[in-house]
Amino acid sequence: YLYNDPYSVKLPSGKKLSFEYTTNFKVTSDQDGVVVLTAGDYNSTVKLYYGKPVVVNTNCLSESVKQTIKFDGLVAEYRSYQNEKTNELQCSEVNGMEIIEVSVNGEKVFLEFNSMISVDDRILLLAKSMKIQS
């Protein structure tokens, strides 16, 4: 895998979170505690929440899968949310979502991606590359 230069953001605790991302992704925005990474090879977006947790619309989505990921030394939690109320008008525009909660040196960050993308090596390698510095 090829990597771009490391990218870093400042966490609410004052520590610096740095991560590398594969050449399939590029950072397209960084604002309000969320970094948006967009894939260059097909239509997919991953959001890294570093200043706040992901907000799940629990009126429309329910947790369908929850499992621990162990990936070459990384431990994280994967959660999938599905729309269980597709017939309700208020939920017609709400899509399912998938979240990886990553704990890095006691700090929690979240990766959100839509259900069209599998939890592939690119997303796991992004999580695995995260490092915290004081």
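The legends below accompany close-up views of a predicted model.

**View 1. Confidence along the predicted chain.** The chain averages a pLDDT of 87, and 94% of its residues score at least 70. Confidence is lowest in helix H1, where the mean is 87, and highest in strand S2, where the value is 94.

**View 2. The hairpin of strands S1 and S2.** Strand S1, residues 7-10, pairs with strand S2, residues 16-19, in the antiparallel sense, and 4 bridges are found between them. Within this pairing, Tyr7 stands opposite Phe19 in S2, while Lys10 stands opposite Lys16 in S2. The two strands of the hairpin are separated by 5 residues, and Gly14, which lies in the turn, has a positive phi of about 100 degrees.

**View 3. The open sheet with the order S1-S2-S10.** This sheet has 3 strands, and their pairing is antiparallel. Strands S1 and S10 (131-133) stand at the edges with a single partner strand each, so that one side of each is left without a neighbour in the sheet. From one strand to the next, the twist averages 25 degrees.

**View 4. The aromatic cluster of Tyr7, Phe19 and Tyr21.** The structure holds 2 aromatic pairs. In the pair of Tyr7 and Phe19, the ring centres lie 5.5 Å apart and the planes meet at 55 degrees, so the pair is tilted. Because Tyr7 lies in strand S1 and Phe19 in strand S2, this pair ties together parts that are 12 residues apart in sequence. Tyr7 is partly exposed, with a relative accessible area of 22%, whereas Phe19 is buried, with a relative accessible area of 1%. Phe19 also forms a tilted aromatic pair with Tyr21, with 6.3 Å from centre to centre and 50 degrees between the planes. Tyr21, like Phe19, is buried.

**View 5. The hairpin of strands S6 and S7.** Strand S6, residues 61-71, runs antiparallel to strand S7, residues 74-83, and the two are joined by 10 bridges. Leu61 has Asn83 in S7 as its bridge partner. Between the strands of this hairpin there are 2 residues, and Asp72 in the turn has a positive phi of about 50 degrees.

**View 6. Helix H1 and its burial.** The buried residues of H1 are Arg122, Ile123, Leu124, Leu125, Leu126 and Ala127.

**View 7. The largest nonpolar core, together with a second, separate one.** The largest nonpolar core has 29 residues, of which Leu17, Ile100, Val102, Leu111 and Met130 touch the most other members. Two or more residues are given to this core by each of S2, strand S4 (34-39), strand S5 (45-49), S7, strand S8 (97-104), strand S9 (107-114) and H1. The greatest contribution is that of H1, which gives 4 residues. When residues up to four places away in sequence are not counted, Leu111 touches Val46, Lys47, Leu48, Glu98, Ile99, Ile100, Val102, Ile123, Leu126, Ala127 and Met130. The second core is separate and has 13 residues, including Val34, Tyr49, Cys91 and Val94.

Technical notes
Residues are numbered from 1 along each chain as its sequence is written. This is a predicted model: local features need pLDDT of at least 70, side-chain atom pairs count only at pLDDT 80 or more; totals for chains, interfaces and linings use all residues. Side-chain values use heavy atoms; hydrogens and water are left out. Two strands pair if DSSP finds at least two bridges between them. Buried means under 20% relative accessible area, exposed over 50%, partly exposed in between (1.4 Å probe, protein chains only). pLDDT is the predictor's confidence in each residue, from 0 to 100. Rings of Phe, Tyr and Trp (its six-membered ring) pair if their centres lie within 6.5 Å; planes under 30 degrees apart count as stacked, over 60 as edge-to-face and the rest as tilted. Axes are lines fitted to C-alpha atoms, for helices over the stretch in contact, and angles run from 0 to 180 degrees between N-to-C directions. A nonpolar core is a set of buried Ala, Val, Leu, Ile, Met, Phe, Trp, Tyr and Cys residues joined through side-chain atoms within 4.5 Å. Contact means heavy atoms within 4.5 Å.
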